[in-house]
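Here is a briefing on the pockets, cores, aromatic pairs and cavities of one protein model. Keep the structure open while reading.

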Amino acid sequence: MFDGGFMNQPFAFGGEEGKDKFDEQIIYRSSLQNFLIDTGSEVILVDTGFNTGMAAPAKKLGAPLYMGEKIADYMEAFAAMGYKPEQVTKILITHKHPDHTAALQYFPDAKVYISPEDADAMKLEGENIIRAQYGEPYKNFPNAQQVTDGIWFIEAKGHTNGNSIIIAEYDGLYYMFHGDVTYCDAALKANKLSIVFEDKDAARQTLDRVREFIKDNPTIYLSTHCPEGYENLEMKRVMKL
């Protein structure tokens, strides 16, 4: 939905040591994309973007984050793939922020999976709101819920108090839709937290678990806020730490 943006190193890396420990002249590419999984029997969205008509944030000198130039509204991008809203059966929400949830309104018939904490924060109610029930471990993550064959909704607190990740298993690979565990792949490789979190200790524990998972399993790391998110998907590029 957005591309050609940037974020600086203090924003992407400064969550624990502090922004002043990093160089604002070092920048990383930024974008905005969300994801769709077509299982053949279901159409499942991982997050939704901003609502239709949301204006592109201005590009400012020295800004810690510039999302990029607007390419399309979420529903335009969705329709361009050849789908209709009524085909969507499930929406899996990594966390409550509007760049991940604001287009929920366009899919009233879909079941929305979200953590209890973020559901409460958003005041989401209704029969279609599925508050995650993390009843079993998944690999090295202690709390998870299987939402359909090969797709897991996993507790991953920190960025928000109800933050989650989604992992889809397919053809021997693990596709990790992590929301904002990191804002860019460089931060994952450098083992750094961004400055955006609600619980820093929980965010550190989540990043440690994500890195451990990636070391032990062939993982395609699908970021929301950097172009590597869609590039990794297009190339089925397994993350190396």
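Strand β3 gives the most to the lining of the largest pocket, contributing four residues. The model is a predicted one. The space in this pocket comes to about 790 Å³.

**Largest pocket**

- The lining counts 31 residues, and N34, F35, L36, I37 and L233 are the closest to the pocket centre.
- Seven elements are listed as giving two or more residues to the lining: β1 (2-8), β2 (27-32), β3 (35-38), α2, β12 (164-170), β13 (173-177) and α7 (228-235).
- By residue class, the lining of the largest pocket holds 21 nonpolar, five polar and five charged residues.

**Second largest pocket**

- The volume of the second largest pocket is about 150 Å³.
- Its lining consists of F6, N8, E24, Q25, I27, K60, L61, G62 and A63.
- Four of these lining residues are nonpolar, three are polar and two are charged.

**Nonpolar cores**

- The largest nonpolar core has 23 residues. Those touching the most other members are F2, L45, Y74, F78, V88, I91 and F107.
- At least two residues of this core come from each of β4 (43-46), α2 (74-80), β6 (88-92) and β7 (111-114).
- Helix α2 gives the most to this core, with three residues.
- Leaving aside residues up to four places away in sequence, I91 touches L45, T48, L104, F107, A110, K111, V112 and Y113.
- There is also a second, separate core of 20 residues. Among its members are A156, I167, V181 and L193.

**Aromatic pairs**

- The whole structure contains 14 aromatic pairs.
- Why is the pair of Y74 and F107 edge-to-face? The ring centres of Y74 and F107 are 6.3 Å apart and the planes stand at 90 degrees, so the pair is edge-to-face; that label needs an angle over 60 degrees.
- Y74 belongs to helix α2 and F107 to the loop between α3 (98-101) and β7, so their pair ties together parts 33 residues apart in sequence.
- Both Y74 and F107 are buried.
- One aromatic cluster is formed by Y138, F141, W152, Y174 and F213.

**Cavities**

- How many cavities of 30 Å³ or more are there? The count is three.
- The volume of the largest cavity is about 90 Å³.
- Thirteen residues, given as 13 in the count, line the largest cavity. Nearest its centre lie H159, D180, V181, L193 and A203.
- The lining of the largest cavity divides into six nonpolar, five polar and two charged residues.
- V181 and L193 belong to the second core, and both also lie among the residues nearest the centre of the largest cavity.

Definitions and conventions: Residues are numbered from 1 along each chain as its sequence is written. This is a predicted model: local features need pLDDT of at least 70, side-chain atom pairs count only at pLDDT 80 or more; totals for chains, interfaces and linings use all residues. Side-chain values use heavy atoms; hydrogens and water are left out. A nonpolar core is a set of buried Ala, Val, Leu, Ile, Met, Phe, Trp, Tyr and Cys residues joined through side-chain atoms within 4.5 Å. Buried means under 20% relative accessible area, exposed over 50%, partly exposed in between (1.4 Å probe, protein chains only). Contact means heavy atoms within 4.5 Å. On a 1 Å grid over the protein atoms alone, a cavity is a set of points where a 1.4 Å probe fits but cannot get out, and a pocket is an open set with protein on both sides within 12 Å along at least five of seven lines; lining residues have an atom within 4 Å of a point. Grid points are joined across faces, edges and corners, and a volume is the space filled by probe spheres set on the points. Ala, Val, Leu, Ile, Met, Phe, Trp, Tyr, Cys and Pro count as nonpolar, Asp, Glu, Lys and Arg as charged, and the others, Gly among them, as polar. Rings of Phe, Tyr and Trp (its six-membered ring) pair if their centres lie within 6.5 Å; planes under 30 degrees apart count as stacked, over 60 as edge-to-face and the rest as tilted.
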